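This note is written for a colleague who is meeting the structure for the first time. Please read it with the sequence and the model at hand.

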Amino acid sequence: MKLVSVVILLWLQLSCTFSQDDPSGNFVNEVQRALKRQTHIQDVANGIQTRNALGNVFSRFVDSPKASVIKSVLDSLLAEVGAAGISEACMNSTNLMLAAAINKDQWALRMIDAIGKPPSGILDFNLKWLGNYDECLETEVSVLDNSTGLVSEPFEPQYCQASFYLGQNPAAVMTGGYIIVNIGMCLPDKCDNNSASLVAQRLIQLIPLNFTKSIPPPGMVCQNNHLPWSSSAVAAIVLCCVFIALMVTATVYDALCQYVWIPTNKLSDEKYADYGTKEADSIIGNGHVSNGHVSNGHVSNGHVSNGHVSYGAVSNGPYRYFGDGHANDSFIADAQDLSAKHVSHHKADLKEIKYDIPANSKKYTPGVLGKLLLSFSVLTNARKILNTDQPSQTLTSVNGIRFISMTWVVLGHTYVFGLGVVGNTATILPKFFKRFSFQCISNAFFAVDTFFVLSGLLVAYLTLREMDKRGGAKKFSWGMYYFHRIWRLTPPYMLVMFVYTTLINHWGNGPMWPQQGFDPNNCNTWWMNLLYINNFQDSKTMCMGWSWYLANDMQFYIISPLILVLLFYSRIGGVILSVAFVIGNFISAGVVTNAHNFSANMLVRNRDEEGDPFALLYIKPWTRIGPYIVGLLTGYVLYKTKCKVTMSKIVNIIGWILAAGLAIAILYGLYSDDGTIKFNKATTAFYNATSRTVWGACVAWVVFACATGYGGPVNALLSWKGIVPLSRLTYCCYLVHPIVMYTYYYTQRQQMYWFDLEVSYTFLGHLCMTYGVAFIVSLAFESPMMGLENVILGRAKKH
């Protein structure tokens, strides 16, 4: 900590230089007097903008006897700055800046003032002294050439951040145990990273202490004031413009179809006139909707208007959507239950809709291109997303569980992603971990296992029902089983990735903003994400690191037919294979934990851990498949029982008590008074091996009890209609929520100071912003793809 002490002493000397002169030179008093002289707030603002008051203070500071100390340092730096290794352009610009500072030029004083200084909290490892980013960049450099009398701008200020390595200390958890002081510096833009590093080194070496002479050059990152636009960034902008144009055009076209191009003598408030129930029977009664669009209990020119059956809710010919824990798979209707009389669980009777359209009345009917265009309509897609009605035989409790789990993910990531910009981690983290209530946040990792359970459950429940209707596995359309899944997930996933990785550099700035992006190597391993194998690559080179979940879920989905077909024909065989997968999960997770001495929680790591628990234990499919298998078996039970189970009140109570008790034990069983984990090695291995699967069983019980009529108030809460639209957005929420958090956290001008109320507001802001952005992404990238598939496949079936 010697360097810290030296910098503190230097800053104190600067402070004393301001304060120990005559009273008229006192910095604080001068500013206060300047403010008191103002009579209006606008005058105060004008005084600040013109820097008149501060200019007087700086002038008195430079003219004071105490300034000779600082002047001698600057003179020495002028002599040293031309040392070998510093580029000529950087040397000349730095010489000019320092000479201007000695000459009391205000722009040079502002650049020096923008350099970071030691704050309070250094002993709590508050070692990021960011300076004033905006003051640095807003400084206008102006140099008067005495020979010509002209004013020139020889360079622009640029913000740099120097990282000085001071040693190691296990308490520095946010920097991997390394003590690193980060100092924001305002330097001429003629200095590249290497030259700026040498300038910072020379500045430190001028401090008259022996050990400063051996200080190595710091790591230096200087931000580019004029970040160039890459060809991929331009392509992303063009792509976004294309989608915006399609959405605007489709929305206008949709409005014309609904409100303008309609028969003049239509009845009541129907958005579209129909050709009658006979045509409706031909569209719906055959077990599919030709264009995938249903509205208000009736079909309208193959287009949606306030659709009650939407968003993948209607079967698509021989195949209906089999989704994951994030997707809108709970809104899938039974094709054989849909008839001309019954659409959604409200049983809207098409035959009761009366139409009074003369024979010579013609109504505009969109063609194939029109229907493709309407897939991008904001009117239609927004109605589908915001619609709260659901088809019959829907597992409505899934909606609430999905939303709560997504909220839990956002809550956990609010803490995890924000720690890098918090200056009081050494104080606040121990306090957090000593709280019993914080266990539900430090163990928020189980929210992902909830999604695995829902995914497996819905895949099994819907696939087995469809196989039963088709007459067995041989008549089931396995090609569509895989195609629809890939088409449902991949386009929004890839489009979000493309826009995020190419444009993230340009939509933020600040002292902590990484202009190179948040992902290593500019996401050049994107093809592994496209193939859903990114959980097998080095976690340090993974693109969109949170997408490991999507890779696991897709891999589980691909192998699901092995179990589902066996369960369909042989209950015993399917159960045996499922149990084998679970036992394999137990063994692999336990062995990996024991071999590498991993902790029971990634946030509280053991000192003698070997390897990365995230890469070796957290994201590998063989250590995470347990909850998915539990979901498959639960879906099988619901399929076999048709959600009709007779259960005594005692059995029901025991089931709820057992599920709640195990869930609480898993979440809060790691707690200790000092915030550490007291498990021994064997207990830790057992916990890591079984806890996720047991948690999955607890979630499965909730769905099972609610689906069979034994959920009581829990089912009423989870099935509340207001949650339905939020549940539909969880997939897009998962894709964009880290991007929302990165943008907020790393555009901060200073480090954050966390306390309970601050984090609570931050979490609620993240949650609202995430759902807002997810709604836009769903309208632009997700819903149109579903509409395109319905139109294309519907047309193909006709031929």
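1. Overall make-up. The model is a predicted one. The protein has 799 residues, of which 53% are buried. Its secondary structure consists of 29 helices and six strands.

2. Contacts and surface. Taking the contacts between residues at least 6 apart in sequence, 75% link residues that lie at least 24 apart. The protein has an accessible surface of about 34800 Å². Carbon and sulfur atoms account for 63% of that surface.

3. The pairing of α17 and α23. Two packed helices are described by the angle between their axes and the distance between the axes. Helix α17 spans residues 446-470, and α23 covers 625-641. Their axes come within 6 Å and cross at roughly 35 degrees. The crossing of α17 and α23 is right-handed. On the α17 side, the residues that make the contact include Phe-452, Val-453, Leu-457, Tyr-461 and Leu-464. On the α23 side, they include Tyr-628, Leu-632, Tyr-636 and Tyr-639.

4. Which residues in the loop between α23 and α24 deserve attention? Lys-642 is found there, between α23 (625-641) and α24 (649-668), and Cys-643 belongs to this loop as well. Phi of Lys-642 is near 55 degrees, a positive value in a residue other than glycine. For Cys-643, also a residue other than glycine, phi is positive too, near 60 degrees.

5. Exposure of these two residues. Is Lys-642 buried or exposed? Lys-642 has a relative accessible area of 58% and is therefore exposed, the cut-off being over 50%. Cys-643 has a relative accessible area of 17%, so it counts as buried, for which the value must be under 20%.

6. Ser-377. This residue is found in the loop between α12 (368-374) and α13 (378-386). Ser-377 counts as buried because its relative accessibility is 0%. Its side chain reaches the backbone nitrogen of Thr-380 at 3.4 Å. Which residues does Ser-377 contact, leaving aside its neighbours within four places in sequence? They are Ala-250, Thr-251 and Asp-254.

Key: Residues are numbered from 1 along each chain as its sequence is written. This is a predicted model: local features need pLDDT of at least 70, side-chain atom pairs count only at pLDDT 80 or more; totals for chains, interfaces and linings use all residues. Side-chain values use heavy atoms; hydrogens and water are left out. Helices (H or I, at least four residues) and strands (E, at least two) are DSSP runs, numbered from the N terminus. Buried means under 20% relative accessible area, exposed over 50%, partly exposed in between (1.4 Å probe, protein chains only). Contact means heavy atoms within 4.5 Å. Accessible areas come from the Shrake-Rupley method with a 1.4 Å probe; for residues, only the protein chains shown count as cover. Axes are lines fitted to C-alpha atoms, for helices over the stretch in contact, and angles run from 0 to 180 degrees between N-to-C directions. A crossing is left-handed if the near helix is turned anticlockwise from the far one by less than a right angle, and right-handed if clockwise. A polar contact is a pair of N or O atoms within 3.5 Å; within protein, one must be able to donate a hydrogen and the other to accept it, and residues adjacent in sequence count only if both atoms are side-chain atoms.
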